[in-house]
Amino acid sequence: MSQFTAVQNFSRRDVLKLFGVAGGGLALGASGVSWSPMALAQQGTSESRLNLFIAIGEDNQVYLTCHRSEMGQGIRTGIPQVLADELGAKWDNVVVVQGLADERYGSQNTDGSRSIRRGFDKMREMGAMARTMLEQAGAERLKVPTSELICIDNEVVHSVSGRRLSFGELALAAAALPLPDPASLTLKSAGQYTHIGKSHGIVDMEDILTGQAEFGYDVQLDGMLYASITRPPVAGSVLNHLDDTLARATAGVVDVITLPAPIGAPSFQPLGGVAVVATNSWSAIEGRKQLSIRWGKSPNDAHDSQQYLAELSERVKQPGKVVRQQGPVNTDWPKEQTISALYTVPYLAHAMMEPPTATARMTADGVELWASTQTPQSAQQTVANALGLKVEQVIIHVTLLGGGFGRKSKPDFCVEAALLAKQTGKPVKVSWSREDELQNGYLHAISAQYFKGKVGADGVEAILQRSGFPSISSTFNASVDEPSASELDMGFVDVPLSINSLRCESVKAQAHTRIGWLRSVCNIQHGFGIGSFVDELAHKRGLPTVQMWRELLGSDRHETFENQGFTYGNYGDSLSRHPVDTARFKGVIDAVEQAMARQPKLTSGQGWGFAVHRSFTAFVATATLVEVTDNKLKVLKSIIAIDAGTLVNPDRVRSQLEGAVMFGLTLALMGQISFKAGRVEQSNFHDYPLLRMSQCPDIETIIIASDAVPAGVGEPGVPPVAPSVVNAIFAATGKRIRQLPINAHMSV
């Protein structure tokens, strides 16, 4: 395993430490990032050429910046692998630098399974640019044509004579050269890759194993105070009465501060409430317990999730807004040929291991934060708006994240820390508790889906499907009461079914709490719906589910959804770059089917279930083996295959697939947030349990070799898990489960 000399954020002070001994080096790209370790190499020159991603010191170290957030997915290894490959860097000479919030990186949002999907080409370009400059400097030094030079293992090598110069020897000379035109760069072919496609160990592993890694909860600043915040128990309620006498009398409590209630749609505003600020976390928590608070009325006081889901379930049985129409409208639904089903998914929470946390300190120039954030730029902008500062006055240091799943891309917790630091005049750490995270987070939407299918002698002739759920858009615009097009793009309107008539409709659904994206987003409920219904169609047809999917997908083609009443967003990518390719659907289906055929024969009470889904431009198929005895479920094995195009780090992909199975099983088996009288009923892992080791099956991962462009990896594995489980339960028992979670129907 490679060892690295540094993986950290860099301040102005760190720059001097980093380059002070070496004296200089190569840095190229944009300009003006004074806190970057790339800055010093060009200080004092008339034209500053600073690369936000690559710097090479005279010490022959290669400093590669990761501008995305590391939360266990391995992106601080993946992005440097791409940069290092095109550069020709030696892996043991790489130092990974964590980028701070800066708009010049482009998007830093670590969500949507897009870090590699969107950044692959640009990272290769930056690496090739630095390599080209090193080769030019080497050609001048060795007096040979650049065509005879190659960069490999931190050296520029003359292929004819074998003479070689280290990157460190050429760094200053290369830095003096003009930047090459990106159009003139020659990128490596796939056969020339040295790091891309290799399973490098994650660069943070040693620090994580030895406890040296810094997560948000680990941040310590001199003179720091700790805050524990009581937030409104019902969305939209405000503080009506506060008696903080006992809280202020608690040992260690410094102050009790009322936070402002949000105005308008929730967005990323803090919820308001009362913060107890103390010299230590225990005092802050104990002082919070002593608060006497009465909350005002809210429009959401009567929200009951069970009642709301019943209403939504009835609504999806009625005509809705047409969002896709393929072929003619089917009006003939003969009873003997028609099957229908209703599928529901409850509210879900992120439940990552490390709840949200941020530490803020006011400075002479503005404010500085250390946060486990997935979106440093959004945190920067939101904090600036809240404090009336310019964006450049807000510095965001990104720590490691103890999980995220989308929750930490909503920076309300960063604003809380900044507001309290401003009011106290001291550094303040805000740490959410598990109860805070479950009861005051941004929940995945409760949902209902209705399916109706017409089955003829030759196959499925027509499908009608409706979906209803409160939209994420309601978090940013309180008047929104129906799903957005981008949400319906996620596994609802974009399934490439080759049938005569396919009609997709959405229905209205008002939000009663903050709705946010959670790993796989709307593919969770849509994947559950279509994945379950195809299994029901297969049973009606008397076919294996894998064969039913092949029949529904039809001929190999790239589906464009033309003339069907909608424009497909395709996760922000073009269909030419990331086509909806039915052959790739079938590729993962075939791989899982073949793996299933190698498994031992089933015994009594056992059954296999299958589902396939495309999301975030990747194709994933899953088969699950279960055993049911006396209405007790045991998940025995999961087989999961992915076609995600070109892979940077296969080991990380397998890890993501394994994590997706466990995440998906948690949601399917036990995931449920419920509301009574407007309040979340769950509070911790005793009533919002995660998958235990004893519940985790044997997991077999399959990676489909592909030279297609990189697709998403972090989220696509989740959607087919839940339907594969309920389909397996039906195969084992004949019992259909259409309402999640499964533990409402049997013991898990």
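This is a predicted model: local features need pLDDT of at least 70, side-chain atom pairs count only at pLDDT 80 or more; totals for chains, interfaces and linings use all residues.
Me: How do you know that the span of α17 is close to the expected one?

Reply: Helix α17 covers residues 721-733, which gives 13 residues.

Me: Why is α17 called largely enclosed?

Reply: A residue counts as buried under 20% relative accessible area. Of the 13 residues of α17, 11 are buried, so the helix is largely enclosed by the rest of the structure. Among the buried residues are V721, P723, N727, F730 and A732. Their cover includes α13 (523-541), β25 (606-615), β26 (618-629), β27 (632-643) and α16 (650-669).

Me: What makes β7 and β8 a pair?

Reply: Two strands pair if there are at least two bridges between them. Strand β7 (residues 155-158) and β8 have three bridges in the antiparallel sense, so they pair. The bridge partner of V157 in β8 is R164.

Me: Why are β6 and β8 said to stand at the edges?

Reply: The open sheet has three strands in the order β6-β7-β8, with antiparallel pairing. Strands β6 (149-152) and β8 (164-166) each have a single partner strand, so one side of each is left without a neighbour in the sheet. Neighbouring strands of this sheet are turned by 20° against each other on average, direction ignored.

Me: Which helix lies across these strands?

Reply: Helix α4 (residues 167-175) lies across β6, β7 and β8, and runs at about 75° to β8.

Note on methods:
Residues are numbered from 1 along each chain as its sequence is written. Side-chain values use heavy atoms; hydrogens and water are left out. Helices (H or I, at least four residues) and strands (E, at least two) are DSSP runs, numbered from the N terminus. Axes are lines fitted to C-alpha atoms, for helices over the stretch in contact, and angles run from 0 to 180 degrees between N-to-C directions. Contact means heavy atoms within 4.5 Å. The expected span of a helix is 1.5 Å times one less than its number of residues. Buried means under 20% relative accessible area, exposed over 50%, partly exposed in between (1.4 Å probe, protein chains only).
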